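Let's take a walk through this one, side chain by side chain. Keep the viewer open as you read.

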Amino acid sequence: MSAKQNILDKIVQQKLAEVAVQKEQTPIFQLMECENFKRKCYSAKESISKQGASGVIAEFKRQSPSKGVINGTAKPADVVKDYEEAGASMVSVLTDEKFFGAKASDFASARETLNIPLLRKEFIVDSYQIYQSKAMGADVILLIAAILTPQRCKDFAFIAKDLGMEVLLELHDDAELKHVNKFVDLVGINNRNLKDFSVDTERSIRLAKRLPEDMIRVAESGLDSPEVVKDMRENGFQAFLMGEHFMKMDSPGDTCKSFIKEIVAAI
Ligand SMILES: O=P(O)(O)OC[C@@H](O)[C@@H](O)c1c[nH]c2ccccc12
């Protein structure tokens with residue numbers, strides 16, 4: 001890695017500072033008193049594996065470090081409900097405010113509206129954030145191998161499972177295969193290199209072939225045509241995490257609907 005800080009380093013540094021404050025404000029025992037802490041989670045594994053499932057994980061994403069503002073006006077409750085009605089297998093909502101422009105209310109309004117699994121898209125660097133995710137009503141959390149050691153990954157995945165949530169582990173490199181552990185439910189392969197933002201689906205296909213056979217594979221990022229999704233499905237991917245292609249349109253929900261129609265017709 002270069003001496004210059006890449007975006008991931010910057011995000012991690014910011015997260016650690018944020019979490020330190022949050023822990024003081026709302027200790028874990030208080031998180032555990034939240035209404036959502038008691039709710040039974042929806043299973044992403046089931047939703048994705050269901051007969052005829054689209055496998056689309058549709059993301060609510062306002063902006064990103066690589067693309068700047070993607071959609072400045074979309075209303076989370078409307079968009080995610082449209083995603084659900086369009087046939088998405090799961091919805092992902094970013095909760096990072098500083099780099100991805102999330103509003104504190106985005107995730108809460110998605111939780112109130114949805115009856116399908118909801119992924120909290122966050123940079124998890126501290127176990128506190130796992131309890132926080134449960135309290136927010138997340139069904140699934142994301143663990144990013146690039147910012148965790150294999151041991152922490154296992155500890156964090158264990159905590160999430162213990163709280164009744166599922167775990168999506170995100171990989172990008174062969175070297176990260178050692179982060180896979182028995183508590184992980186789904187493995188995502190990020191087509192986008194978070195260190196330089198380049199996108200390479202062929203690389204993801206090669207990496208996916210090295211995963212345990214029965215693992216659910218999620219293709220992530222830069223997916224913008226039904227053809228690419230079909231190609232990835234033929235190469236063993238069952239789920240497809242997509243944000244920008246939907247969010248950059250005036251109606252993310254309508255775009256998602258016609259996209260799903262096309263890919264489901266090809267199954
Ligand atoms: O908007 P895209 O290119 O369709 O990508 C969605 C999703 O994969 C991307 O937002 C993402 C994948 N892994 C992440 C980790 C953190 C933040 C964001 C991400």
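How many aromatic pairs does the count come to? Bear in mind that this is a predicted model; by the rule used here, the answer is four aromatic pairs. Take tyrosine 83 and phenylalanine 246: their ring centres sit 5.8 Å apart with 55° between the planes, which makes the pair tilted. These two come from distant parts of the chain, with tyrosine 83 in helix H4 and phenylalanine 246 in helix H10 (residues 244-247), 163 residues apart. Tyrosine 83 has a relative accessible area of 0%, so it counts as buried. Phenylalanine 246 is buried too, at 0% relative accessibility. Ring pairs also bring in Phe259, giving a cluster of Tyr83, Phe246 and Phe259.

Now for another ring pair. Phenylalanine 158 and phenylalanine 183 have planes at 70° and centres 5.3 Å apart, so this pair is edge-to-face. Here helix H7 (residues 150-162) supplies phenylalanine 158, while phenylalanine 183 comes from the loop between strand E7 (166-171) and strand E8 (186-190), 25 residues apart. With a relative accessible area of 42%, phenylalanine 158 is partly exposed.

Back to helix H4, this time for its charges. Lysine 81 and glutamate 84 form a salt bridge, 3.4 Å from N to O. They are three residues apart in helix H4, so about one helical turn separates them. Lysine 81 is partly exposed at 23%, whereas glutamate 84, at 17%, is buried. Helix H4 (residues 76-86) also gives the most to a negative patch, with three residues; the patch is made up of Asp78, Asp82, Glu85 and Asp254. Aspartate 78, which sits in helix H4, is partly exposed at 47% relative accessibility.

What does the salt bridge count come to? It comes to 16. One of them joins arginine 39 and aspartate 139 at 2.9 Å, N to O. It reaches across 100 residues of sequence, from the loop between helix H2 (28-31) and helix H3 (44-49) to the loop between helix H6 (128-136) and strand E6 (140-144). Arginine 39 is buried at 18%, and aspartate 139 is buried at 0%.

Arginine 210 and aspartate 174 meet in another salt bridge, at 2.5 Å from N to O. Arginine 210 is in the loop between helix H8 (201-208) and strand E9 (216-220) and aspartate 174 in the loop between E7 and E8, so the bridge ties together parts 36 residues apart in sequence. Aspartate 174 is partly exposed, with a relative accessible area of 41%. Elsewhere, shared partners join Lys15, Glu18, Asp96, Arg120 and Glu122 into one salt-bridge network.

Definitions and conventions. Residues numbered from 1 in each chain as written. Predicted model: local features only at pLDDT ≥ 70, side-chain atom pairs only at ≥ 80, totals over all residues. Heavy atoms only, no water. Patch = residues over 30% accessible without salt bridge, like charges linked within 9 Å, V, L, I, M, F, W, Y side chains within 5 Å. Areas by Shrake-Rupley, 256 points an atom, 1.4 Å probe, with all protein chains shown as cover. Salt bridge = Lys/Arg side-chain N within 4 Å of Asp/Glu carboxyl O. Lys, Arg positive; Asp, Glu negative; His and termini not counted. Charge placed at Lys NZ, Arg CZ, Asp CG, Glu CD. Helix = DSSP H or I, 4+ residues; strand = E, 2+ residues; numbered from the N terminus. Buried < 20%, exposed > 50% of the residue type's maximum accessible area, 1.4 Å probe, protein only. Phe/Tyr/Trp six-rings, centres within 6.5 Å; stacked < 30°, edge-to-face > 60°.
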